[in-house]
Protein chains: 4
Amino acid sequence: MEREESLSTAPGARGEPVEIGVGMIGHGFIGRAHSIALRKLEWAATVPSLRPRLVAICGRDGAATESAARRFGYERASTDWRDLIADPAIGLVSNGGPNGLHAEPTIAAARAGKHVLCEKPLGRDADEAYEIWTAVARAGAVHMAGFNFRFFPAVALAQRLIADGALGEIRHFRARYLQSWLVDPAAPVTWRLDGAAAGSGALGDLGSHVVDLARHLVGEPAAVTARTATFVGERPGGHVDVDDAFAATVAFEQGAIGTLEGSRVAPGRKNQLAFEVNGTRGSLAFDQERMNELQVHLPEAPEAGEHGSAAPAGMAAAGFRRVLVSEQHHPFLAQSWPAGHTIGWEDSFVFEFEHLLRAIGDGTQVGPLGADFEDGYRCAEVCDAIARAARTGTEQQISYRDLDDHT
Amino acid sequence: MEREESLSTAPGARGEPVEIGVGMIGHGFIGRAHSIALRKLEWAATVPSLRPRLVAICGRDGAATESAARRFGYERASTDWRDLIADPAIGLVSNGGPNGLHAEPTIAAARAGKHVLCEKPLGRDADEAYEIWTAVARAGAVHMAGFNFRFFPAVALAQRLIADGALGEIRHFRARYLQSWLVDPAAPVTWRLDGAAAGSGALGDLGSHVVDLARHLVGEPAAVTARTATFVGERPGGHVDVDDAFAATVAFEQGAIGTLEGSRVAPGRKNQLAFEVNGTRGSLAFDQERMNELQVHLPEAPEAGEHGSAAPAGMAAAGFRRVLVSEQHHPFLAQSWPAGHTIGWEDSFVFEFEHLLRAIGDGTQVGPLGADFEDGYRCAEVCDAIARAARTGTEQQISYRDLDDHT
Amino acid sequence: MEREESLSTAPGARGEPVEIGVGMIGHGFIGRAHSIALRKLEWAATVPSLRPRLVAICGRDGAATESAARRFGYERASTDWRDLIADPAIGLVSNGGPNGLHAEPTIAAARAGKHVLCEKPLGRDADEAYEIWTAVARAGAVHMAGFNFRFFPAVALAQRLIADGALGEIRHFRARYLQSWLVDPAAPVTWRLDGAAAGSGALGDLGSHVVDLARHLVGEPAAVTARTATFVGERPGGHVDVDDAFAATVAFEQGAIGTLEGSRVAPGRKNQLAFEVNGTRGSLAFDQERMNELQVHLPEAPEAGEHGSAAPAGMAAAGFRRVLVSEQHHPFLAQSWPAGHTIGWEDSFVFEFEHLLRAIGDGTQVGPLGADFEDGYRCAEVCDAIARAARTGTEQQISYRDLDDHT
Amino acid sequence: MEREESLSTAPGARGEPVEIGVGMIGHGFIGRAHSIALRKLEWAATVPSLRPRLVAICGRDGAATESAARRFGYERASTDWRDLIADPAIGLVSNGGPNGLHAEPTIAAARAGKHVLCEKPLGRDADEAYEIWTAVARAGAVHMAGFNFRFFPAVALAQRLIADGALGEIRHFRARYLQSWLVDPAAPVTWRLDGAAAGSGALGDLGSHVVDLARHLVGEPAAVTARTATFVGERPGGHVDVDDAFAATVAFEQGAIGTLEGSRVAPGRKNQLAFEVNGTRGSLAFDQERMNELQVHLPEAPEAGEHGSAAPAGMAAAGFRRVLVSEQHHPFLAQSWPAGHTIGWEDSFVFEFEHLLRAIGDGTQVGPLGADFEDGYRCAEVCDAIARAARTGTEQQISYRDLDDHT
């Protein structure tokens, strides 16, 4: 089947957007967020030229999957992801399954002529991520890795300010992603605490977001030093063989240095992905818990000292600006609510899917705004290097393989 | 037609939720927010027992209304609200039109056997609001006034803490609702700046929210003093005959005193509805621009001084807590995202409709959690008193009419 | 004796600063703050041309006053303020006594040829303040009212920005001064709760600061409406006959409107003097609990859209700036610590005395930067108007008497 | 001479505090802060039993030193620190000179029977710090390293909460000290940018504070990985051979992991020493730019669910508390201003000197609250390990020498 065959025009449409059938793997946390995003696209004023049709959703528990299908409006439910791959009505497979189930369905989908969105981390390690990337790229699919923080308006504004040179050359990047759900030693094991299923712990789960933002905002990491820790090795239900937390230093190819951190045992930090960037001209800072805000420090132009003040007004009033990123000229918000009417975490997925569908419709890939599988792979190289650095106690230089690298 | 006739069971359902047909008046700002909320209810895990069916949406511009109908999934569009009233498939009319179009359609809908949601302010003045309330109540409808801030989780938590006595007796309430969209003198007139259409300016638009929260959190205002101002009397397109801003003092029946303010000319304040409550035991504060947070000051229990510290740990660490209201035990969030994954302004309408539909399904009214039309009327009495106080320079005692009041 | 006689040159000085003998009335809270400020001036790099010599301190308790004299370096202690008035070595009397002891010693000092600093509020009401002002002014003294918040660098920066037009025309001023020391009903009565000694409660104590800042930043209040409340009428030690809290609306002569509040019963608010100013071009906000910061919103110049962004960088990054007012180009800080090394509450008194001593040395009065007794009197007129408005329930127009007013 | 000889009783004193003569090396930034602190002790209500007498101050520029002596009240000025060592009236030498002038005068002073306070970092490297420590300790002096952040009330409260177990076992410590004074490439070289004089750059200057707090709050670092960077190698006046910034990971002996950072090139960060500690029960965070505040997250006791709420009030209102550390039961503030009247950076030195003088008076050392020279040495071991780790790219285990270690 040709990939394009799944892009059918809507019944009776003339100039109407064409449809793409979506198959969703997983209906838990991420599957739900993805499904909601797809539905919200229906009424988005900025709807892309390609309209999603919710064909099938897949999960292990039949009844729960049926219920999810009904709720989110999928035409059918399945307990076997292979059903989705085999369905010619599906043109886009979104893989929100556990990390260990990223590779096989994603590659199979691409080889079956479908476009693919795969949650982060792309693979459980760089080798697996490389395999996914190269297989999918060779199959000719549009591919996207689920780094949804790129689609926060405040993060996109940060990226734009940096790209526009407003901060000058970047010298520091420091980021941390702190959660608290493992503070309680009685919290039971899940697949996220199982190395075989997850690959790593806080590193792959939280650290991959941090690393992706580092790459997105500053550029390629060149080297890292690091340490990891598992504070609670035994939990109800079994042994924990992944990290609870990691801490790393990073040097970027372009010269900046900084720190990267992640933890699942930080009391009071519910979902604090926070970063700060310092450049030669300015700085900015972000905290996901206040996701509609960006702190920005820019050089204030000295104004003509016409008022007899000791200092020009601009300079005298220099400081970090609390930018409420909620205006129509801000990224993704051209058709959103009036200024000051803020959005929520789930909206990042709306913007993510909107971007993906536009790319598919336009026949392009999702970069550089979106993360493609090469980004997913490169992120995994950095995470692997952090794990190696922690294990060996020595700095790890990071080298990235090309699509055709035979090493 | 009996009101109950419009509640049909879904096709083939056994124990399935029954449906209620919705007719939406307006497809602009509020009509869009309402429509989205209704659609989001489809997939809400906490869906009420009564499911909305989007029957018709109504607006003045035929093409735009058609487009909105298509986008949000209404079965049909109309340019005459009387069509909606006449439609037996519609059991709930939501009135998001300009203030001057609240009374007639809302009363007509109720008299036609429909339940009604009307945007705030209920009427252009207390007399009109009283008329709407009493007519609708006598018609037997479930009625709700669109004070959506009650459905912010942080506001609902504030209300719960106060109701539970955590703050003791309330002594102060101070609130302000500041926007900046009229800072620019070149901003043109709209119906919101026309006294005949809007009733008042910042007072009815922003002040009604402030007054509703005052009543919801503290109780009935007993008296006010006030002043208003119109800073820009002529704008492109015509004369401005409503207030740009108001400031008032308030005394509550239960003894608390405070201030109420609203302005459309506050640079940098995009949508700052902020309030603070001080009681005999504690305080709390909220700012809509950080809608997922509530600041709470509670008395810290002195702990046994077992550590030899000069002061018990609790007392030494007393301070306003920044509560990130995003956990499943917080109001409305039982089925929401994990802690720290915040929601947006539009979600308040989801919770509002969920509450309304549950009330209709259960055959109850929406209070005291939701605002009914009596709340809408009482709020208007306070706003009128503020206007009178500003006009006369004298304190206005506020008296509220009962449903059967013949004065 | 001529006032100038008390300004002696230091022994053996050529070009050295001349000295002025200081007599301090009170050694409690304010007397201590004043004494410390005078001592800190010794080593200030920006020492005024007139050096304070600590001659005598006066208090009711002989032993405690002796101890204070020794600690702060006064040459002698006294239990009778008349001693200070009679002492030719004293050229400046600072009156930090209770409100009821402001008039007599202050007037006597001025008539004895001394310059005077009197704590706020100047008198217990406007009549008393007027009497103090006119008597002192006619005696030819330099006079200063102790509104020390004018000497916070962040407040002075606010004043400078407004005066320079950075905010345009001012439309709103809202301020509140909240404390919590009377939350506990077991807190005993002090002179501050006795109407005869204090004049009023939160109004004169906290409100006078709020009113002085309103006048300093925006201009003369023209009219007020108000209410007051006494929540705890009986306390250990006696009856409370002053207000615990007040709330007022204000209209300024130049057209702005706003609110003024004060309370001693706000849990968690230790010393929150907070204000916000909105003008036609910008806004600013201050909170004494973060006294080294000023929040400033200024219009961001649109930059040439050379980067292909949807919005110019300046606009996209508009927001309230957190200005850390700690740099050498900020008011009063030319010789202070490096940027980011913040100062404390007590330092405001250093800047206040420095300003006063410079005025005395230069033979000028302390305005408009400092508050003179006319400011103290005018502030009292506003406070009286607030009290009258609360008592009568009617708006009070405020008229100010001139120095030679015979009404 | 016996060290005790310099502790003379004040003339004519019976039960009066005895005096200790102080010799100050340096009159710039730190010398000025120290001198002010000594003067402020005169009037501190909590004055230690030993009163400082300002005997001599020493600097390279004769006129400037004379001026400083006069301003701060030293009996004499000198341009040779050996004068101070030789002066029997001096019992305490405070060394605020450049890092390269720490060892010789400090050791000489101790050997001459004086007690010593030496600014941080103690030496330019661990060897020098070890030499200073051991020489001074063997000489029998009371010794203190100038880590003044320990004497911030908020930091002391943090330390007390941790020591009392309020946070449980500590798992994470992350800290950074960011300044901006080298952002401008035209900023000229000073001794702080000269490796021979300073030892290192941001690492020794800013990092030593961060490391000292890590040790003070959490315990001994066991290993580090790190990197450093010099972004501007040539500045007006010469070559820069020290680091502009560093970033490190740290593992503590007790099991916690974290990050340490410092930079002089972070735009908008004036003096941001910020840290966060996460334990098994709670978290806390501090930022020097808001030095009167501590953010504290403690477990909230579930209260009896008597109110029918979905969640107990305590839990529902859990969050980081903004503790305004300004009350009399907070560390060092027993005799300070009323709650909410905040202090400044310079006050930390008052508390530091008060503590030192009390230790000298009591014949004890300054630990564990204050940092002694062993702390100064151990801090230097960590800084050296960070420098080595950055140079070699390999994790550095840290071992600490004892007083009698002959390695």
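The C-alpha centres of domain 1 and domain 2 of chain A are 25 Å apart. This is a predicted model. The domain assignment puts residues 3-147 of chain A in domain 1 and residues 150-391 in domain 2.

How many residues of domain 1 of chain A are in contact with domain 2? There are 39, and they meet 39 residues of domain 2 of chain A. On the domain 1 side, the elements of chain A that each give two or more residues are two helices, α1 (29-43) and α5 (126-138), and the strands β3 (50-58), β6 (115-118) and β7 (143-145). By class, that side of domain 1 of chain A has 27 nonpolar residues, 8 polar and 4 charged.

Now the record. UniProt, in an unreviewed entry, lists residues 157-284 of chain A as "domain: GFO/IDH/MocA-like oxidoreductase". That span of chain A is 37% strand and 21% helix, and its end C-alpha atoms lie 10 Å apart.

Next, the chain as a whole. Chain A has 18 strands and 11 helices. Its C-alpha trace spans about 75 × 55 × 45 Å along the principal axes of chain A. Why call chain A compact? Because a compact globule of 407 residues would have a radius of gyration near 22 Å, and chain A has 22 Å, which agrees.

Two last figures. Of the 407 residues of chain A, 62% count as buried. Among contacts in chain A with a separation of 6 or more, 69% are between residues 24 or more positions apart.

How values were computed. Residues are numbered from 1 along each chain as its sequence is written. Chains are lettered from A and ligands numbered from 1 in the order in which they are written. This is a predicted model: local features need pLDDT of at least 70, side-chain atom pairs count only at pLDDT 80 or more; totals for chains, interfaces and linings use all residues. Helices (H or I, at least four residues) and strands (E, at least two) are DSSP runs, numbered from the N terminus. The radius of gyration is taken over C-alpha atoms; the globule rule is 2.2 Å times the number of residues to the power 0.38. A residue is buried if 20 or more other C-beta atoms lie within 10 Å of its own, exposed if 12 or fewer, and partly exposed in between; C-beta atoms are placed from the backbone. Two residues are in contact if their C-beta atoms, placed from the backbone, lie within 7 Å. UniProt positions are given in the numbering used here, feature names are shortened, and annotations may be inferred rather than shown by experiment. Domain bounds come from an automatic or database domain assignment. Ala, Val, Leu, Ile, Met, Phe, Trp, Tyr, Cys and Pro count as nonpolar, Asp, Glu, Lys and Arg as charged, and the others, Gly among them, as polar.
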